Amino acid sequence: RLCNEIAEWIRINSDKKITVSMVSEKFGYNGDYLSRLFKSYFDMGIKEYICKERIKAAKNMLLSSYYSIKQISDILGWDNENQFIKFFKYHESVSPKKYREIYKNTHLNKK
């Protein structure tokens, strides 16, 4: 049950900068303990789950809005646009701009 609560909290707050220590503080448990528990339940650590949820939030914004990459990086709590671009490209092997270009025709109405 605790792992499901943590996962839901991360999902709800995926538009913010979240760390394992923030999660452990929020739920009142040691970060290492929570990570091991989470990994045994979801087969991935909390940090990896946070990254996965942040990527999902970014993809959703890229495909369902006309916000600029800078605006999206600000909304999602990144310190700067370049940090967001680097993170996205590392996890998706394509830049946010390129991702939007590839998929926008199937998700955004053309103006």
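Visitor: What makes lysine 39 part of a helix, and which helix is that?

Guide: Lysine 39 sits in helix H3, which covers residues 31–42. Keep in mind that this is a predicted model.

Visitor: Why is lysine 39 called partly exposed?

Guide: Its relative accessible area is 47%. Buried means under 20% and exposed means over 50%, with partly exposed in between. So 47% puts lysine 39 in the partly exposed class.

Visitor: Which residues does lysine 39 touch, leaving aside its neighbours within four places in sequence?

Guide: Those are Met44 and Gly45. As for lysine 26, it is 13 residues from lysine 39 in sequence and 18 Å away in space, going C-alpha to C-alpha.

Visitor: Let's move on to the next loop. Where is aspartate 43, and why is it called exposed?

Guide: Aspartate 43 is in the loop between H3 and H4. Its relative accessible area is 66%. The cut-off for exposed is over 50%, so aspartate 43 counts as exposed.

Visitor: What is there to say about the phi of aspartate 43?

Guide: It is positive, about 60 degrees, although aspartate 43 is not a glycine. Most residues other than glycine have a negative phi. Serine 93 also has a positive phi, near 60 degrees, and is not a glycine either.

Visitor: And how do you know whether serine 93 is buried or exposed?

Guide: Serine 93 has 66% relative accessibility, and exposed means over 50%, so it counts as exposed. You'll find it in the loop between H6 and helix H7 (96–107).

Visitor: Which residues of H4 are buried?

Guide: Among them are Glu53, Arg54 and Ala57, along with Ile46, Tyr49 and Leu62.

Visitor: How do you know that the span of H4 agrees with its number of residues?

Guide: At 1.5 Å a residue, the 19 residues of H4 should span 27 Å. The end C-alpha atoms of H4 are 27 Å apart, so the two values agree.

Visitor: What makes up the largest nonpolar core?

Guide: That core has 16 residues, and those with the most contacts inside it include Leu62, Phe88 and Tyr99. Helix H4 (46–64), helix H5 (69–75) and helix H6 (81–92) each supply at least two of its residues. The largest share, 7 residues, comes from H4. There is also a second, separate core of 14 residues, which includes Ile10, Leu34, Phe38 and Met44.

Visitor: What does Tyrosine 99 touch, not counting residues up to four places away in sequence?

Guide: Tyrosine 99 touches Lys59, Leu62, Leu63, Phe88 and Val94.

Visitor: How many helices and strands does the protein chain have?

Guide: The protein chain has 7 helices and 0 strands. Its C-alpha trace spans about 50 × 25 × 20 Å along the principal axes.

Visitor: How many residues does the protein chain have, and what percentage are buried?

Guide: Of its 111 residues, 38% are buried. The accessible surface of the chain comes to about 7300 Å², and 50% of that belongs to carbon and sulfur atoms.

Methods: Residues numbered from 1 in each chain as written. Predicted model: local features only at pLDDT ≥ 70, side-chain atom pairs only at ≥ 80, totals over all residues. Heavy atoms only, no water. Core = buried A, V, L, I, M, F, W, Y, C linked by side-chain atoms within 4.5 Å. Buried < 20%, exposed > 50% of the residue type's maximum accessible area, 1.4 Å probe, protein only. Helix = DSSP H or I, 4+ residues; strand = E, 2+ residues; numbered from the N terminus. Contact = heavy atoms within 4.5 Å. Areas by Shrake-Rupley, 256 points an atom, 1.4 Å probe, with all protein chains shown as cover. Expected span 1.5 Å × (residues − 1).
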